[in-house]
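Notebook open, structure on screen.

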Amino acid sequence: MPNENSEKELIENLSLEEELNKWDRFEDEMSRTDSSPAFEMDRPYITKTESLKNNRYADVYTHDIGRISTQADIEEAQRLYNNEYIAALMARAETKDSTALNQLGVVYFTLGNMPEASKYFTQAAEAGNIEAKRNLAITMENAESTDLAKIFGLYEEAAKENDAYALNNLGCCYLNGEGTEQNYEKAVECFERAAGLKDDLAFLNLAACYSFGLGTDKNLEKAFELYKQSADLGNNTALKMLANSYYYGRGVKQDTKEALKYYKASEKTGDKDSAKMVEKILKPQQKAAVRDVSDKAKEEQNRQNRQNAENTKKVKERKGYDRNR
């Protein structure tokens with residue numbers, strides 16, 4: 001008769017096999033350019049998905065506080081961008097100072113005024129400001145511009161000057177065939193150049209290319225290392241991808257304990273999918289722990305019952321001995 005541990009291992013192995021089959025079906029779906037997965041699953045963001053922010057920069061960059069991507073960033077930017085600050089920038093902008101023009105674009109982008117942001121980014125870009133060219137492209141994407149060729153051209157110009165954000169987004173254009181012909185090899189080249197500049201999203205996108213063999217040979221081990229480098233640079237999505245790699249044994253030995261560690265780290269960033277995976281992994285363990293406690297309680301109760309029975313027997317024997325005397 002199999003013991004409890006062997007039954008538990010069998011259940012876990014069956015569960016893992018089902019998950020791996022699910023992943024294989026997912027890869028088959030991803031290989032079709034005209035379809036998307038028909039089932040829910042954590043997945044690398046290598047094409048247009050629910051949010052472009054998952055694989056490309058959708059926020060402009062300001063030297064004051066870095067990339068603006070959270071509500072706290074916006075509130076801090078609004079504090080910095082007071083009337084006095086804007087007036088000072090306006091004065092500099094009148095002298096055609098491209099840095100001031102670009103910064104004004106950042107201000108209005110942050111405050112949600114896309115037409116004004118676009119105006120100042122355009123002026124700065126025409127004055128040769130590299131960051132402004134990239135920021136103008138990002139602004140156009142946020143405004144859902146249909147001029148994809150212009151967006152591509154702006155990213156291309158900024159990328160020539162080794163702007164990491166532009167290189168990453170240019171790679172996405174090549175990957176998705178936006179404003180240019182789809183070219184996975186050139187996408188990989190862009191991501192590699194941006195990764196060389198320590199861009200976390202570029203590492204993430206490059207990992208996805210290796211994971212699916214887009215523009216390069218499929219190499220899950222390489223993908224795993226790239227996800228790790230992205231996570232080390234603070235990318236939250238990479239944390240989840242590392243967790244997935246450990247959980248499914250993709251490019252690394254399957255290790256549920258390590259997977260749980262990274263899912264927990266990703267959960268702390270607010271990722272709901274990771275929270276579900278933490279619950280999924282811990283639930284059987286919690287049940288096993290409860291069952292173990294219950295079994296120990298039963299064992300202790302049985303021991304006490306045996307002890308009580310033994311004591312009762314001794315008492316009866318003692319009373320019989322006393323009567324015989």
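I take helices (H or I, at least four residues) and strands (E, at least two) as DSSP runs, numbered from the N terminus. By that count Asn 142 is found in helix α6.

Ground rules before going on. I am working on a predicted model, where local features need pLDDT of at least 70, side-chain atom pairs count only at pLDDT 80 or more, and totals for chains, interfaces and linings use all residues. Residues are numbered from 1 along each chain as its sequence is written, and side-chain values use heavy atoms, with hydrogens and water left out.

**Entry 1: Asn 142.** I checked its exposure, calling a residue buried under 20% relative accessible area, exposed over 50% and partly exposed in between (1.4 Å probe, protein chains only). Asn 142 has a relative accessible area of 37%, so I logged it as partly exposed. For contact I use heavy atoms within 4.5 Å. With neighbours within four places in sequence left aside, Asn 142 is in contact with Ala 58 and Phe 109. I also looked at Asp 59: Asn 142 is 83 residues from it in sequence, yet the C-alpha to C-alpha distance is 8.5 Å.

**Entry 2: α5 against α6.** Axes here are lines fitted to C-alpha atoms, for helices over the stretch in contact, and angles run from 0 to 180 degrees between N-to-C directions. I read an angle of about 150° between α5 (residues 114-126) and α6 (residues 130-142), with axes 8 Å apart. The classes are: under 35 degrees roughly parallel, over 145 roughly antiparallel, 65 to 115 roughly perpendicular, the rest oblique. α5 and α6 are therefore roughly antiparallel. On the α5 side, the residues making the contact include Met 114, Phe 121 and Thr 122, and on the α6 side they include Lys 133, Leu 136 and Thr 139. I sorted residues by class: Ala, Val, Leu, Ile, Met, Phe, Trp, Tyr, Cys and Pro as nonpolar, Asp, Glu, Lys and Arg as charged, the others, Gly among them, as polar. The contact of α5 with α6 comes out at 7 nonpolar, 4 polar and 1 charged.

**Entry 3: α4 against α5.** How are α4 and α5 angled? They pack at about 165°, with axes 7 Å apart. That makes α4 roughly antiparallel to α5. I counted 10 nonpolar, 4 polar and 1 charged residues in the contact of α4 with α5. Ser 98 and Leu 104 are among the α4 residues that meet α5.

**Entry 4: two residues of α4.** Ser 98 lies in α4 (residues 98-110). At 19% relative accessible area, Ser 98 is buried. Not counting residues up to four places away in sequence, Ser 98 touches Ala 124, Ala 127 and Asn 129. Leu 104, with neighbours within four places left aside, is in contact with Ile 86, Leu 89, Met 90, Ala 93 and Tyr 120.

Entry 5: Most residues other than glycine have a negative phi. Asn 162 is not a glycine, but its phi is positive, about 60°. I found Asn 162 in the loop between α7 (148-159) and α8 (164-176). Asn 162 is partly exposed, at 45% relative accessible area. Lys 198 also has a positive phi, near 65°. Lys 198 is in the loop between α9 (184-196) and α10. Its relative accessibility is 57%, so Lys 198 counts as exposed.
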